[in-house]
Amino acid sequence: MTQNVLSRDEIRPPQIIYALFLAGIVTANITLLIGVVIAYVYRKEAAPWLQPHYRYLIRTFWIGTLYACIAFLLSIVMIGTLLWPMLAVWLGVRCVLGWIDVRKGRPPARPASWLW
């Protein structure tokens with residue numbers, strides 16, 4: 001694997017988006033919407049090694065939205081109330097792992113995964 005030269009200006013946007021996604025856990029997902037808009041804006045002009053991070057962030061948003069809809073529907077029968085904390089943990093783990101990969105200058109480990 002080649003070593004990427006990390007520029008602070010280059011890795012700052014994905015780090016901010018990961019932080020916005022993590023903040024979405026406590027802000028009722030408002031910052032998630034801001035983060036996904038930023039990801040869509042920056043993804044095309046990003047360095048080639050960072051483009052998978054933007055794809056990973058966008059996928060995280062849409063997969064999380066699907067999981068949240070499922071949890072909401074299942075909340076009607078009380079099963080979904082158990083899924084909300086699991087969804088928060090899923091989002092947290094996914095964002096922390098992605099953030100670590102950005103800091104180390106490598107693409108996400110499993111960008112196509114629906115879990116981690």
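The model is a predicted one, and the exercises below work through its geometry.

**Exercise 1.** Describe how H1 and H4 pack: which orientation do they have, and which residues meet?

*Solution.* 
- Step 1: Two packed helices are described by the angle between their axes and the distance between the axes.
- Step 2: The axes of helix H1 (residues 8-23) and helix H4 (residues 80-104) come within 9 Å, with a crossing angle of roughly 165 degrees.
- Step 3: Angles over 145 degrees count as roughly antiparallel, and H1 and H4 are therefore roughly antiparallel to each other.
- Step 4: The crossing of this pair, H1 and H4, is left-handed.
- Step 5: On the H1 side the contact includes Ile 11, Pro 14, Tyr 18 and Leu 22; on the H4 side it includes Leu 91, Cys 95, Trp 99 and Arg 103.
- Step 6: Sorted by class, the contact of H1 with H4 has eleven nonpolar, three polar and one charged residues.

**Exercise 2.** Characterise Tyr 18: is it buried or exposed, and which residues does it contact beyond its sequence neighbours?

*Solution.* 
- Step 1: Tyr 18 belongs to helix H1.
- Step 2: Its relative accessibility is 0%, so Tyr 18 counts as buried.
- Step 3: Leaving aside neighbours within four places in sequence, Tyr 18 is in contact with His 53, Tyr 56, Leu 57, Cys 95, Gly 98, Trp 99 and Val 102.
- Step 4: The C-alpha atoms of Tyr 18 and Ala 39 are separated by 9.8 Å, the two residues being 21 residues apart along the chain.

**Exercise 3.** At what angle do H2 and H3 cross, and how do the residues of their contact divide by class?

*Solution.* 
- Step 1: The axes of H2 and H3 come within 9 Å and cross at roughly 145 degrees.
- Step 2: H2 passes H3 in a left-handed crossing.
- Step 3: From H2, Leu 32, Leu 33, Val 36, Ala 39, Tyr 40 and Tyr 42 meet Tyr 54, Leu 57, Ile 58, Phe 61 and Trp 62 from H3.
- Step 4: The contact of H2 with H3 divides into eleven nonpolar, no polar and no charged residues.

**Exercise 4.** How many aromatic pairs does the structure hold? Classify them.

*Solution.* 
- Step 1: There are two aromatic pairs in the structure.
- Step 2: Phe 61 and Trp 62 have ring centres 4.9 Å apart and planes at 80 degrees, so the pair is edge-to-face.
- Step 3: Phe 61 is buried at 11% relative accessibility, whereas Trp 62 is partly exposed at 48%.
- Step 4: Tyr 67 and Trp 90 have ring centres 5.3 Å apart and planes at 70 degrees, so this pair is edge-to-face.
- Step 5: Tyr 67 lies in helix H3 (residues 51-75) and Trp 90 in helix H4, so the pair ties together parts that are 23 residues apart in sequence.
- Step 6: Tyr 67 is partly exposed at 25% relative accessible area, and Trp 90 is buried at 6%.

Key. Residues numbered from 1 in each chain as written. Predicted model: local features only at pLDDT ≥ 70, side-chain atom pairs only at ≥ 80, totals over all residues. Heavy atoms only, no water. Axes fitted to C-alpha atoms, helices over the stretch in contact; angles between N-to-C directions. Helix = DSSP H or I, 4+ residues; strand = E, 2+ residues; numbered from the N terminus. Parallel < 35°, antiparallel > 145°, perpendicular 65-115°, else oblique. Left-handed = near helix turned anticlockwise from the far one by under 90°. Contact = heavy atoms within 4.5 Å. Nonpolar A, V, L, I, M, F, W, Y, C, P; charged D, E, K, R; others polar. Phe/Tyr/Trp six-rings, centres within 6.5 Å; stacked < 30°, edge-to-face > 60°. Buried < 20%, exposed > 50% of the residue type's maximum accessible area, 1.4 Å probe, protein only.
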